[in-house]
Amino acid sequence: MPRAAPPMSSAGWSASFSAATSSSLSSSNKAGAQGAIGAEIVARSEPDGYTLFVTAASIIVLNPMLYKKLPYDPVKDFRILALLTDLPVVMEVHPSVPARTVAEFVAYAKANPGKINFGSAGTGGTIHLAGEMFKQIAGVDMVHVPYRGAGPALSDLISGNIQVMFDTLSTALPPVKGGLLRPLGVSSEKRSPDLPDVPTIAESGYPDYRVSVWFGIAAPAKLPDDVAQKVSASLDRALNDDAFRASLEKIGFPALRPRSAAAITEFIDADRNRWSAVIKKLNISLD
């Protein structure tokens, strides 16, 4: 019989999900292969509620499209219990770019095909694909410059070695608010409270543009329903807890409210459909 899921308090979550919240629940970071190593470990673990997985959109949605062979199946091997946060990306340019709006940037890019470089944290990542999606929707020709991580890409953007980047909100805010970079648009459906004067890319003339960098909590697919309900209830309490929400938002991660299993599936399916068209057109494979 599976053990009952350990109790998880909102206070424990406020400190960090990866911190232990009981004597039986401990943290472990298994990095590598764009999250595939950690995903495989969780997929093969005992479905007792004691092994949970802080997963990203790239692990559940992007990896299956980018790798021909994966050691896990995101649909068959996992049960997504909660969505924690959903970040937009910020379309930001070096101040030397003569554009203050998305429309002005598109006009500039079309007048200079192949002369604008956009940076990313590496081929196949969300930042890269966000730029490719914009290229497709706006009909512009930009050159992708992959870096070994978002940090070096951002440094080169600030230095003016590249012209544009589609960066996650949490890392874009400091240089934007410091006046080092100019934000043109955000990829969310609504404007970001952190950048209220920056329009969405959708409202700037591209209503189909939507990029989401989300994180959630997953468990092995065979987790019994009664255990899943207990863990989900704890997650829901955390997501409704003001202290926990404030702790996430303080570091640039807007906390989501609890949603049903059906709503979680609908959210992920929509994200998968958005990226599928982009990746198929690019014919990218990371194997």
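This briefing looks at one helix and at several salt bridges in the structure above. The model is predicted, so local features need pLDDT of at least 70 and side-chain atom pairs count only at pLDDT 80 or more, while totals for chains, interfaces and linings use all residues. Residues are numbered from 1 along each chain as its sequence is written, and side-chain values use heavy atoms, with hydrogens and water left out. Helices (H or I, at least four residues) and strands (E, at least two) are DSSP runs, numbered from the N terminus.

**Helix H8**

- Let's start with helix H8, which covers residues 225-239 and has 15 residues.
- From its first C-alpha to its last, H8 reaches 20 Å, close to the 21 Å expected at 1.5 Å a residue; the expected span is 1.5 Å times one less than the number of residues.
- Several residues of H8 are buried, including Val-227, Ala-228, Val-231, Leu-235 and Leu-239. Here buried means under 20% relative accessible area, exposed over 50%, and partly exposed in between (1.4 Å probe, protein chains only).
- Looking down the axis of H8, you would find its buried residues within an arc of 155°, so they line one face of the helix. The arc is that of the directions from the helix axis to the C-beta atoms.

- The structure holds 8 salt bridges. A salt bridge is a side-chain nitrogen of Lys or Arg within 4 Å of a carboxyl oxygen of Asp or Glu.
- One of them joins Arg-79 to Asp-225, with the closest N and O atoms 2.9 Å apart.
- This pair links distant parts of the chain, as Arg-79 sits in strand E2 (residues 78-87) and Asp-225 in helix H8, 146 residues apart.
- Arg-79 is partly exposed at 27% relative accessibility, and Asp-225 is also partly exposed, at 48%.

**Salt bridges within a helix**

- In helix H5 (residues 126-138), Glu-132 and Lys-135 are 3 residues apart, so about one helical turn separates them.
- Their side chains meet in a salt bridge (3.5 Å, N to O), and both Glu-132 and Lys-135 are buried.
- Helix H10 (residues 261-282) holds Asp-271 and Arg-274, again 3 residues apart, or about one turn.
- The side chains of Asp-271 and Arg-274 form a salt bridge (3.4 Å, N to O).
- Asp-271 is buried, with a relative accessible area of 0%, whereas Arg-274 is partly exposed at 23%.

**A network**

- Salt bridges also link Asp-86, Glu-189 and Arg-210 in a network.
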